[in-house]
Amino acid sequence: MTANIDGTAAEKFGRIRDEFNRNFAERGEVGASVCISVNGERVVDLWGGVADPKTDVPWERDTISIVFSCTKAATALCAHMLVDRGLLALHAPVAEYWPEFAKNGKEATTVQMMLNHESAVPAFRDPVKPGGFLDWDYMIKRLEDEEAFWEPGTRNGYHMVNFGWTVGELVRRVSGKSLGQFFRDEIADPLGADFWIGLPDDVTHPIAPILLATPDPSAMMSAFTKKLLTDPNSIQALSFLNNGGWNQNDPAAHKAEIGGAGGMSNARGQVAMYEPLALGGSHKGVKLVSPERLAHMGEVSVATQIDATLLAPTRFASGFMKSMDNRAHPGGDQMSAVIGKAAFGHVGAGGSIGFADPDHGLAFGYTMNQMGMGLLLNQRGQSLVDATYEILRG
């Protein structure tokens, strides 16, 4: 399909506009936004297509959508700010801040393990009640009572949605504010970022509903998808399907603080959050973290050949995703997100992504409403990332 593309791109970054157009013409894009900042200058800010195919409403400058696991980076950043202030210690037992969690095999869990997806509660064995994801207190109690799936710290397994409650509850207990309120007060509002964990009633931005991916019968299935479809008691099935009927297009879900997968934003909103992280920890008078904390945030803290949830190699930096190139593995094109060596950020299910790369002073954001197959990037987002790096490298 062809699409009307609005916004600006500096002459040097004209190829980004070309790739963005190709996404609509050749790669099934419906509505999307892409934003790029280099050394604090917004060199690309584009949006286009259709926000809602049912009504043919266009994707506008301020259109937002759910960005799924891109939200994890916002949650992790909140935790790192508290670490930087000396209020949260990475290697301290979680029990020091959240005593009720330390039972049923989870007693030795540390803060770092939670950020590393090592805290051994990637899913729930018993059914989540209808609407459970929208009830913070209920989800926290479920985590407290859940038996560890493995000995915490001995392996990592992607905490698909639960990351938002494990790390988010630490933020709440240490700061005295809910996760969404802390993020809004300390990060989004000071930076002017259109990014929310729990959409307030006074936000009137147009919202693009998420469109589910259409399976490609010819595509090679990943190990994650095979397990999801064949074993209803597996971590894969439980983490993905045991969600209490969570409907990502429900306005009530938009208002809930789902810190692992429920954030609402667009490419520009993500870039606003990442600009300070691309520039030493501060930008335009807003300091998020110290240079020392920032350096730690970009370092790989856990890497594995077989993630217990995703069943693929993964690399994380204390809550942030690092570059993951699994394209040589069966179905690995659905489990890859290739970014720079120093870059860190997070992808969202279906293909959205936001990240910072301090080596290039780069902040990057891409969001869309049409999900692609897989949990990480697909050709639409990866083509924009690849073109960005090729331009920056000259």
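Modeller: Gladly! Let us begin with a term: a pocket is an open set of grid points with protein on both sides within 12 Å along at least five of seven lines, and its lining residues have an atom within 4 Å of a point. By that rule, 19 residues line the second largest pocket, and Asp333, Met373, Leu377, Asn378 and Gln379 lie nearest its centre. Please keep in mind that this is a predicted model.

Colleague: What is the volume of that second largest pocket, and how do its lining residues divide?

Modeller: Its volume is about 500 Å³. The lining divides into 5 nonpolar, 9 polar and 5 charged residues.

Colleague: And what makes up the lining of the largest pocket?

Modeller: That pocket has a volume of about 720 Å³. It is lined by 30 residues, with Phe240, Ala349, Met371, Gly374 and Leu375 nearest its centre. Helix H7 (223-230) and helix H8 (235-241) are the elements that give two or more residues to this lining, and H7 gives the most, with 4 residues. By kind, the lining has 20 nonpolar, 10 polar and no charged residues.

Colleague: How do you know how far to trust the predicted coordinates, and what is the average pLDDT?

Modeller: pLDDT is the predictor's confidence in each residue, from 0 to 100. The protein averages 97, and 100% of the residues score at least 70. Confidence is lowest in H7, at a mean of 93, and highest in S15, at 99. Where pLDDT is low, the predicted coordinates should not be read in detail.

Colleague: Let us turn to single residues. Why is Gln370 called buried?

Modeller: Buried means under 20% relative accessible area. Gln370 has 16%, so it is buried. You will find Gln370 in the loop between strand S15 (362-368) and helix H12 (379-392). Among the residues it touches are Gly28, Val30, Leu211 and Arg380.

Colleague: Which backbone oxygen lies 3.2 Å from a polar atom of the side chain of Gln370?

Modeller: That of Leu212.

Colleague: Is Asp45 buried or exposed, and why?

Modeller: The cut-off for buried is under 20%. Asp45 is at 14% relative accessibility, so it counts as buried. Asp45 is found in strand S3 (residues 41-52).

Colleague: What makes the pair of Asp45 and Arg268 a polar contact?

Modeller: A polar contact needs a pair of N or O atoms within 3.5 Å, one able to donate a hydrogen and the other to accept it. The side chains of Asp45 and Arg268 are joined by one of 2.9 Å. Asp45 is also in contact with other residues, including Asp6, Thr8, Cys35 and Arg61.

Colleague: Why is Cys78 called buried?

Modeller: The relative accessible area of Cys78 is 0%, so it is buried. Cys78 lies in helix H2 (residues 70-84), and its contacts include Val171, Leu179, Phe182, Phe183 and Ile187.

Colleague: How far apart in space are Cys78 and Pro330?

Modeller: They are 35 Å apart, C-alpha to C-alpha, and 252 residues apart in sequence. For another pair, take Met368 and Ser352, which are 16 residues apart in sequence and 6.4 Å apart in space.

Colleague: What makes Ser352 a contact of Met368?

Modeller: Contact means heavy atoms within 4.5 Å. Ser352 is in the list of contacts of Met368, along with residues including Trp59, Ile210 and Ala349. The place of Met368 is in strand S15, and at 2% relative accessibility Met368 counts as buried.

Notes: Residues numbered from 1 in each chain as written. Predicted model: local features only at pLDDT ≥ 70, side-chain atom pairs only at ≥ 80, totals over all residues. Heavy atoms only, no water. 1 Å grid on protein atoms, 1.4 Å probe; cavity = no way out; pocket = protein on both sides within 12 Å on 5 of 7 lines; lining within 4 Å. Points joined across faces, edges and corners; volume = space filled by probe spheres on them. Nonpolar A, V, L, I, M, F, W, Y, C, P; charged D, E, K, R; others polar. Buried < 20%, exposed > 50% of the residue type's maximum accessible area, 1.4 Å probe, protein only. Lists of a residue's contacts leave out its neighbours within four places in sequence.
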